[in-house]
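Please take me through the salt bridges of the model shown here, one stop at a time. Tell me what to select and what is found there.

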Amino acid sequence: MRDVAVIGVGLQKWGERWDRSLRDLYCEAAQNAIDDAGVDHIDSMYIGCMSSGLFAAQEHLASLMADYLGVTPCPATRVESACASGGLAMRLGWMEIASGVSDIVLVGGVEKMTDVNGDEATFALATAADTEWEGYQGVTFPALYAMMARAHMEKYGTTIEQLSHVSVKNHANGALNPDAQYPFPVTLETVMNSTMVSDPLRLLHCSPITDGGAAVILVPAELARTKYKKRPLVTVIGSGHATDTLALHSRADFTTIKATEVAAQRAYKMAGIGPKEIDFAEVHDCFAIAEIMVTEALGFFEKGNGGPAAERGETALTGSKPINTSGGLKSKGHPVGATGVAQIIEVSRQLWGEAGKRQLKNPRRGLTQNMGGSGGSTLIHILERKD
Amino acid sequence: MKIRSPRYAREIPQRYRYEAAKTKSGKIFFPPRLVYPGGETATKHILAQTGKVLTWTIQSTGPAEYADMTPYAMAIVELDDGARITSMLVDVEHSTVKTGMRVRIEFRKIRSEGHEGLLCYGYKVVPE
């Protein structure tokens with residue numbers, strides 16, 4: 001296998017982008033990445049997108065995006081794994097270069113979520129759960145994560161204050177990210193008094209509905225060393241992918257994300273390192289409880305210690321294991337298919353030293369964790385700066 | 001988004017009659033599948049009608065067709081045969097809902113669909 005490097009990234013301001021269509025969001029991010037990398041062509045492209053059919057009544061994104069990016073007949077592949085679609089696009093782009101099939105690959109993700117009303121968006125998102133045996137019963141995604149939160153609280157004593165500290169921390173980080181949908185801080189009191197969505201989860205424990213695109217350019221590390229060398233070399237040293245049951249009720253333990261544990265073990269094994277060697281991570285905080293469970297599943301904290309660690313500030317920018325320096329899904333926004341790619345962008349920027357006001361001090365290794373549904377799929381990547 | 005009638009009718013054995021499958025090794029699958037892990041075979045099994053709440057929430061929001069029922073309790077229930085379902089928990093004071101509480105399945109209207117108000121049925125759970 002060849003080593004694979006990230007050489008360029010692109011996105012745009014996320015939020016309710018009524019001025020941008022589905023195709024605009026993808027192509028804007030993609031062109032920004034192409035310009036940023038300085039490549040004069042791409043050999044292949046990926047589009048991570050969960051549900052353009054339900055959100056925008058548009059499928060066949062391979063043709064649409066290649067056409068509107070002006071690169072036909074470039075091979076294009078749209079991939080879907082619910083909220084992990086972007087992470088999956090990254091893995092396939094990485095594979096395509098590692099295998100030697102292509103040299104310059106555009107990996108992008110997109111979701112246009114505000115062309116439908118709230119009910120329709122809720123319906124589209126709910127299709128990431130089991131439509132027949134969860135959705136039909138009236139369950140929503142906040143409800144599924146609320147049931148995980150309840151189980152975690154009852155098993156480990158995790159508190160609502162600890163969940164709320166996750167939101168406060170992510171908003172503090174997002175306030176330093178000009179591309180974030182909600183770039184402002186919130187107080188613990190505001191989070192804990194926000195509207196109840198699904199007990200114990202309140203509105204500010206939940207990620208928002210967002211329009212956005214994200215894209216990165218991948219090349220073989222050798223090409224980055226010889227031709228695209230304006231930045232420190234950042235390569236993918238580990239990739240992990242795993243699935244679990246679609247329905248939450250089919251899982252043995254509601255207090256952990258098994259697919260994340262397994263994907264992490266695979267990525268760590270490939271990288272030849274463990275969780276202690278990871279300096280920081282971008283994780284899938286679709287709900288505050290998810291960040292706590294994921295930081296435990298990744299091995300950053302013992303089971304049950306994710307909440308106390310968040311409360312103590314260990315996951316803050318200045319903590320021992322900064323999590324979601326970008327603001328995470330909570331503050332940066334969660335355009336479902338773009339999220340996994342945007343995680344790669346944040347980790348790359350941190351490793352390049354280009355993260356602006358939220359820049360960490362000389363990080364060497366960052367991890368991304370992107371998951372679908374209530375944890376039915378997980379993609380993990382570990383990136384390292386080579387000096 | 002409407003469910004077309006064949007899609008609804010296909011699930012009637014499970015939603016009305018709680019038909020599951022039990023593999024030779026004793027694991028219960030609800031709904032039954034065409035393929036079982038390890039190539040096991042399975043025979044018809046009717047779900048136990050009582051069980052306990054494993055985890056729960058009170059939903060202040062719901063999908064459009066359930067919105068007029070909010071707030072409602074939702075639970076993951078382990079039935080006494082070991083099978084698990086996600087189900088609305090009804091006829092209960094929300095302040096009394098707790099993990100471990102005993103419940104039983106009842107056949108109920110789940111929602112009315114579309115402008116015509118077509119009735120869709122299935123299972124909910126109530127305190128035992």
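Begin with D103(A), which is partly exposed at a relative accessible area of 33% (buried means under 20%, exposed over 50%, partly exposed in between, with a 1.4 Å probe and protein chains only). This is a predicted model, in which local features need pLDDT of at least 70, side-chain atom pairs count only at pLDDT 80 or more, and totals for chains, interfaces and linings use all residues. Residues are numbered from 1 along each chain as its sequence is written, chains are lettered from A and ligands numbered from 1 in the order in which they are written, and side-chain values use heavy atoms, with hydrogens and water left out.

D103(A) sits in the loop between α4 (85–98) and β4 (105–111), and R2(A) in the segment before β1 (4–11), 101 residues apart. Helices (H or I, at least four residues) and strands (E, at least two) are DSSP runs, numbered from the N terminus. R2(A) is partly exposed, at 30%.

Next, select K303(A) and E261(A), a salt bridge of 2.8 Å, N to O. K303(A) lies in the loop between α11 (288–297) and α12 (306–311) and E261(A) in helix α10 (258–271), so the pair ties together parts 42 residues apart in sequence. K303(A) is partly exposed at 37%, while E261(A) is buried at 12%.

Move to R358(A) and E346(A), whose closest N and O atoms are 2.8 Å apart in a salt bridge. R358(A) is buried at 5%, and E346(A) is buried at 3%.

Finally, select R17(A), D19(A), R20(A) and E28(A), which salt bridges with shared partners join into one network. Over all chains, the structure holds 36 salt bridges.

Note on methods. A salt bridge is a side-chain nitrogen of Lys or Arg within 4 Å of a carboxyl oxygen of Asp or Glu.
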